[in-house]
Amino acid sequence: MFSGNFPLEDQIVLITGGSQGLGKQFAYKYFHETKRTKIIVVSRSDNKLKPVVEEIEAGEDASLRDTTITEGVVEKRRLFYLSADLSDFNAVEDMFNILINANLSPTVILNCVGGSTPKLFKDLTPNEIELGINQNYKSVVTLTHTFFQKFEQLSQSTSDYKCHIVLFSSEVSFFPFIGYAQYAPLKVAMKALISILRQEIDDPEYKNKVELSCVYPGNFKSEGYELEELTKPAITKIIEGPSFAISCDECCNKIIYWLDKGYNDVVTDTVGWILMAVDMGLNKNNNKSFLYWLQLLIGVLANLIVVPIYMVICKWQINSYFKDANKDKKTD
Ligand SMILES: NC(=O)C1=CN([C@@H]2O[C@H](COP(=O)(O)OP(=O)(O)OC[C@H]3O[C@@H](n4cnc5c(N)ncnc54)[C@H](OP(=O)(O)O)[C@@H]3O)[C@@H](O)[C@H]2O)C=CC1
Ligand SMILES: CCCCCCCCCCCCCCCC(=O)[C@@H](N)CO
């Protein structure tokens, strides 16, 4: 594979979920490592976005809702913020309209919205369950659906309009396990939607204009991660042990490295690569590279030899977790 598939310079980058964590890291990277790229960070509230933009840019107010942001100003500035609840179709439509009117049709979309409340399923509140669905799946649906609805309008910005959409799933989508009931099923659903959309963008209307990538990160230290550690069951920590939490900076750099090499399915650590290898099926046809074929071969062998052994170990770990938990209950 060659480099140069994910240039940072001369882009208009829409970062949803950009007020903290990995999204904020991407905004920082684009702002400091390019000269002309424009960046729009989105999250639910202006209150959280404003200081982020000020911190990155050390500049003045840059809300795209600010009516003083006229076309001239949009030309001068490079970093903007825009609040929108990505789980709301109307808010997402509003967001795209503002972007189109400001002549900021995104050429890269990074959807970093998401997050988990790790607990046993029975211990989750209905609110937590709904939040999981909205953040991790509905945000993807509203974003991609509205993008396709608006594609014609977005395309009018330049004669050769192109957009690379990057969605963020998780390593748990290859292996949903105990503790992630509020989260993993939605990350799996996202993967299924992507498989379908990849077939739909073969339509000549989108061919070579829309590219769809999916990142399956392992653990990385973000504000969201610090929060989930507080409720994460011990068994969940044990199973995910091989995915050591890296920094947002390292995670961001790895993702850009692999996207730039032309990979559309990206992981951020070794255990993620093995899990992706084990996850096979009819929707894997990214046969552009040597590494793809190597991964397929390792996947076949691992499914035959390693997976059955691992599943026995995993079952044993879960059983002893419940044995300990019940022992504690009795002595209480
Ligand atoms: N950290 C990790 O270990 C891993 C994370 N991931 C995934 O990577 C992505 C980024 O993770 P991370 O940086 O940890 O996330 P964080 O939880 O730190 O940040 C999530 C961002 O999403 C925004 N957000 C949440 N809900 C909405 C909404 N309805 N509309 C708009 N914005 C919203 C938040 O902003 P605000 O509150 O201002 O709205 C915030 O900026 C997520 O999809 C996550 O699931 C995957 C694997 C591992
Ligand atoms: C061949 C068999 C090998 C089996 C190895 C199994 C190891 C599983 C590790 C999974 C790590 C998942 C991290 C996801 C983090 C995440 O999404 C949350 N932090 C949410 O924010």
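K119 and E128 are both buried; a residue counts as buried under 20% relative accessible area, as exposed over 50%, and as partly exposed in between, with a 1.4 Å probe and protein chains only. The two side chains form a salt bridge, with the closest N and O atoms 3.0 Å apart. The term salt bridge stands for a side-chain nitrogen of Lys or Arg within 4 Å of a carboxyl oxygen of Asp or Glu. The structure is a predicted model, in which local features need pLDDT of at least 70 and side-chain atom pairs count only at pLDDT 80 or more, while totals for chains, interfaces and linings use all residues. Residues are numbered from 1 along each chain as its sequence is written, chains are lettered from A and ligands numbered from 1 in the order in which they are written, and side-chain values use heavy atoms, with hydrogens and water left out.

In total, the model holds 17 salt bridges. One of them joins D265 and R198, at 3.2 Å from N to O. D265 lies in strand β9 (residues 265-267) and R198 in helix α7 (residues 184-200), so this pair ties together parts that are 67 residues apart in sequence. Helices (H or I, at least four residues) and strands (E, at least two) are DSSP runs, numbered from the N terminus. D265 is buried, because its relative accessible area is 17%. R198 has a relative accessible area of 25%, so R198 is partly exposed.

Another salt bridge links K207 with D202, whose closest N and O atoms are 3.4 Å apart. K207 has 44% relative accessibility and therefore counts as partly exposed. D202 is also partly exposed, at 47%. Elsewhere, salt bridges that share partners join E228, E229, K232, K237 and E240 into one network.

Ligand 1 is surrounded by 31 residues, where a residue is near a molecule if one of its heavy atoms lies within 4 Å of it. The closest are S19, S43, R44, K48 and S222. By class, this shell has ten nonpolar, 16 polar and five charged residues. Here Ala, Val, Leu, Ile, Met, Phe, Trp, Tyr, Cys and Pro count as nonpolar, Asp, Glu, Lys and Arg as charged, and the others, Gly among them, as polar. Helices α1 (21-33), α5 (126-149) and α8 (223-231) each supply at least two residues of the shell. The largest share, three residues, comes from α8.

Several polar contacts reach ligand 1. A polar contact is a pair of N or O atoms within 3.5 Å; within protein, one must be able to donate a hydrogen and the other to accept it, and residues adjacent in sequence count only if both atoms are side-chain atoms. A polar side-chain atom of S222 lies 2.5 Å from an oxygen atom of ligand 1. Backbone N or O atoms take part too. Such an atom of G224 lies 3.0 Å from an oxygen atom of ligand 1, and one of F220 lies 3.1 Å from an oxygen atom of ligand 1. Taken alone, ligand 1 exposes 900 Å², and the protein buries 94% of that. Accessible areas come from the Shrake-Rupley method with a 1.4 Å probe; for residues, only the protein chains shown count as cover.

Ligand 2 has 16 residues around it, and S170, Y180, Y183, N219 and E228 come nearest. The shell divides into nine nonpolar, four polar and three charged residues. A polar side-chain atom of S170 lies 2.6 Å from an oxygen atom of ligand 2. For Y183, the distance from a polar side-chain atom to an oxygen atom of ligand 2 is 2.9 Å. E228 places a polar side-chain atom 2.6 Å from a nitrogen atom of ligand 2. Ligand 2 exposes 610 Å² when taken alone, and the protein buries 90% of that. Two or more residues of the shell come from each of α11 (270-278) and α12.

Helix α5 contains T144. T144 is buried, because its relative accessible area is 4%. Its side chain reaches the backbone oxygen of V140 at 2.6 Å.

Helix α12 (residues 290-331) holds I313. I313 counts as partly exposed, because its relative accessibility is 41%. I313 belongs to a nonpolar surface patch with M280, W293, L296, L297, V300, L301, L304, I305, V306 and I309. Together these residues have about 1,000 Å² of accessible area. Patches are made of residues with over 30% relative accessible area and no salt bridge; like charges are joined within 9 Å, and nonpolar side chains (Val, Leu, Ile, Met, Phe, Trp, Tyr) within 5 Å.
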